[in-house]
Amino acid sequence: MNVSYPSWWRPLGRALWGAAFLLLAVSAWMILSKAPIEVQMGPVQKIVYVHVPSAIATLLAFGFTFACSIAYLTTKSWVWDAMAASACELGLVFATVVMVTGPLWARSAWNTWWTWEPRLTTFLILWILYAGYHVVRASLHSGAKRTVSSILGIVLFVNLPIVWMSIQWWRGSLHPQKVTMTGDMRATLLESMLAWIVFLAAAFVTRLRLEWAREAAMDRESEMAPGLARHGRDPRDPAGPAGGRVSA
Amino acid sequence: MNYAIIAYIAVVVIWSVYFLWLRQRLRRARD
């Protein structure tokens with residue numbers, strides 16, 4: 001089995017990281033000097049330029065996990081599962097950024113760190129469930145890991161439209177359905193979104209290298225001891241059933 | 001301190017910790 005990544009993978013990663021840093025630098029410059037200070041909230045409003053792009057990146061990453069999970073169950077090719085797990089991990093980091101920056105915004109805008117309004121509640125449930133994806137994945141070592149992860153990647157996707165539509169489906173949402181912004185504010189937000197989406201793509205390329213390295217290591221192990229590496233080692237092995245390997 | 005500054009510092013910290021962890025796992029997988 002060929003588990004080495006293609007020769008263009010590293011140059012692609014470098015190009016994406018270059019673009020991401022450039023776009024993030026432009027975003028920082030726009031946030032600091034171009035976007036006006038909002039009259040009511042003051043400088044705290046500038047949290048929106050990292051909070052909203054991170055939320056969009058979260059949804060994109062989990063949506064990609066969903067698509068790759070379907071592709072894995074259809075083709076049974078490990079690369080799709082590796083892509084799903086990588087995207088899901090990055091989605092969870094972006095979701096954590098949203099969960100940290102959100103209360104800092106809420107404290108200034110709503111005079112509370114947390115409130116059980118629809119968007120906050122559904123997003124917290126989303127975070128917990130996708131964290132559960134990684135807990136389940138890390139607890140499995142055999143071939144079931146990929147199948148179970150893919151099923152979870154598909155089932156958990158149900159949460160995404162619920163989070164997106166929560167401000168319309170339930171009353172009492174503090175998140176506005178429409179936001180009025182000046183041209184400079186909108187331009188800064190759009191540029192920041194682009195920057196964080198390119199950052200997501202660059203981080204995904206880097207994260208997938210870990211899956212490639214792990215698969216290559218498993219391949220080497222199975223060549224050395226056929227029948228053991230793929231299905232977990234002998235439980236009596238002092239390194240443990242997984243051979244001391246930390247699972248994805 | 002302004003909450004916006006805290007938020008942006010938090011973003012840098014979260015991603016830095018994540019990439020340090022990722023680098024550690026990459027090294028371990030290659031060994």
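Thr96(A) has its place in helix α3 of chain A, where helices (H or I, at least four residues) and strands (E, at least two) are DSSP runs numbered from the N terminus. This is a predicted model, in which local features need pLDDT of at least 70 and side-chain atom pairs count only at pLDDT 80 or more, whereas totals for chains, interfaces and linings use all residues. Residues are numbered from 1 along each chain as its sequence is written, and chains are lettered from A and ligands numbered from 1 in the order in which they are written.

Thr96(A) counts as partly exposed because it has 19 C-beta neighbours inside 10 Å; a residue is buried if 20 or more other C-beta atoms, placed from the backbone, lie within 10 Å of its own, exposed if 12 or fewer, and partly exposed in between. The C-alpha atoms of Thr96(A) and Leu124(A) are separated by 9.7 Å, although the two residues are 28 apart along the chain.

Chain A as a whole comprises seven helices and zero strands, and buried residues make up 32% of its 248 residues. Two residues are in contact here if their C-beta atoms, placed from the backbone, lie within 7 Å; among the contacts in chain A between residues at least 6 apart in sequence, 76% join residues at least 24 apart.

In α5(A), the buried residues are Arg146(A), Ser149(A), Ser150(A), Leu152(A) and Gly153(A). They cover an arc of only 160 degrees around the axis, which puts them on the same side of α5(A), the arc being that of the directions from the helix axis to the C-beta atoms. These buried residues pack against α2 (48-75), α3 (78-109) and α4 (118-139) of chain A. In α1(A), the buried residues are Ala20(A), Ser27(A), Met30(A) and Ile31(A), and they pack against α2 and α7 of chain A.

A nonpolar core is a set of buried Ala, Val, Leu, Ile, Met, Phe, Trp, Tyr and Cys residues joined through C-beta atoms within 7 Å. The largest has 38 residues, and those with the most contacts inside it are Ala61(A), Ala84(A), Ala87(A), Cys88(A), Phe94(A) and Phe199(A). At least two residues of this core come from each of α2, α3, α4 and α7 (183-224) of chain A, and α3(A) gives the largest share, 15 residues. A second, separate core of 14 residues includes Ala35(A), Val50(A), Met185(A) and Leu189(A). Leaving aside neighbours within four places in sequence, Ala84(A) is in contact with Thr65(A), Cys68(A), Ser69(A), Tyr72(A), Ser149(A), Ser150(A) and Gly153(A).

Chain B has one helix and zero strands, and its C-alpha atoms fill a box of roughly 45 × 10 × 5 Å along the principal axes. Of its 31 residues, 13% count as buried. Between the chains, 21 residues of chain A are in contact with 16 residues of chain B. On the side of chain A that touches chain B, α3 and α7 of chain A each supply at least two residues, and the largest share, eight residues, comes from α3(A). By class, this side of chain A has twelve nonpolar, four polar and five charged residues, where Ala, Val, Leu, Ile, Met, Phe, Trp, Tyr, Cys and Pro count as nonpolar, Asp, Glu, Lys and Arg as charged, and the others, Gly among them, as polar.
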